[in-house]
Amino acid sequence: MYVYLSKILPLFVMPISVVLILVLAALLLLTRGRTRIASGVLLGALAVLWVSATPLVAEGLYRNLESRYPPLPLEQVPQAGCIVLLGGVVSPPQAPRVDTEFNDAVDRVYKAAQLYRAGKAKFVIATAGNQPWSLSPWAEADLIRDLLVEWGVPKEAIFLEGSSRNTRENAIFSRNLIDSLHCETSLLVTSAAHMPRAVAAFQAVGVSITPVSTDVRVIDKGLPPAMDFLPSADALAMTSEAIREWIGSAVYRLQGWN
């Protein structure tokens, strides 16, 4: 039940959900003749949508997360016993698709393969299960293993944890593998914006890690400053992702998981 709630409840505070709630409230007010109040609520909905979809706001929120653990050049990454790779990067082939589907966070898998090929660690632990509602016969960790092999990591160097459904479980369920491989320190690979929550979760269960961030999304685009104030769908998505991370971190603190 917790997994369902943790995935569904944050949707109600996402910008698009807030806008829809405000619009519905305005329509209800209109049916009761509260025209002036309804107009104010509609303007509030428009303001929430505009601000949330503004690159200046979206990138500011996202940069705050990414800047806590900036990416390291390969030569600056220390040696470790294991590379711990977090999932949330690929989806199984579903009709009419015939291939595994990548999302924007697939950089994580490439980074883990790059670290292994550079001799930074002897083992890669892929920790990624499926959500309860998934119809896939494979855990995401299985799909990640195939991709790691394709990118140069020997199959015998890859260890899978395919039961976790969130970052907290990534940490808990990976710990046994980390201990069995005698990894005194591990390189933790995930997206830069997700790294603060991931670091806290692994440290909370006593795993010694070095964060290796990837999938950095806020960059200097070199666009005119005025463009930062024009709304876009990409900016709205970035704002929503940042809010989701803030909520996740807050919940972990309340639960004592970091």
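Which residues form a nonpolar patch on the surface of this chain, and what accessible area do they have together? Before I answer, please keep in mind that this is a predicted model, in which local features need pLDDT of at least 70, side-chain atom pairs count only at pLDDT 80 or more, and totals for chains, interfaces and linings use all residues. Residues are numbered from 1 along each chain as its sequence is written, and side-chain values use heavy atoms, with hydrogens and water left out.

The patch consists of L11, F12, V13 and I21, which together have about 370 Å² of accessible area, a value that comes from the Shrake-Rupley method with a 1.4 Å probe, where for residues only the protein chains shown count as cover. To be placed in such a patch, a residue needs over 30% relative accessible area and no salt bridge, and nonpolar side chains (Val, Leu, Ile, Met, Phe, Trp, Tyr) are joined within 5 Å; a salt bridge here is a side-chain nitrogen of Lys or Arg within 4 Å of a carboxyl oxygen of Asp or Glu.

Let me now step back to the whole chain, which has nine helices and seven strands, where helices (H or I, at least four residues) and strands (E, at least two) are DSSP runs numbered from the N terminus. Of its 258 residues, 42% are buried, and the C-alpha trace spans about 70 × 45 × 45 Å along its principal axes. If we take the contacts (heavy atoms within 4.5 Å) with a separation of 6 or more, 73% of them are between residues 24 or more positions apart.

Finally, I would like to show you some details of the backbone. The peptide bond from A95 to P96 is cis, with omega near 5°, and P96 belongs to the loop between β2 (90–91) and β3 (101–102).

Where do we find H182, which is not a glycine and yet has a positive phi of about 55°? H182 lies in the loop between α7 (167–180) and β6 (186–191), and it is exposed, with a relative accessible area of 69%. D215, which is also not a glycine, has a positive phi near 55° and is placed in the loop between β7 (209–214) and α9 (233–255), but D215 counts as buried, since its relative accessibility is 6%.

Technical notes: Patch = residues over 30% accessible without salt bridge, like charges linked within 9 Å, V, L, I, M, F, W, Y side chains within 5 Å. Buried < 20%, exposed > 50% of the residue type's maximum accessible area, 1.4 Å probe, protein only.
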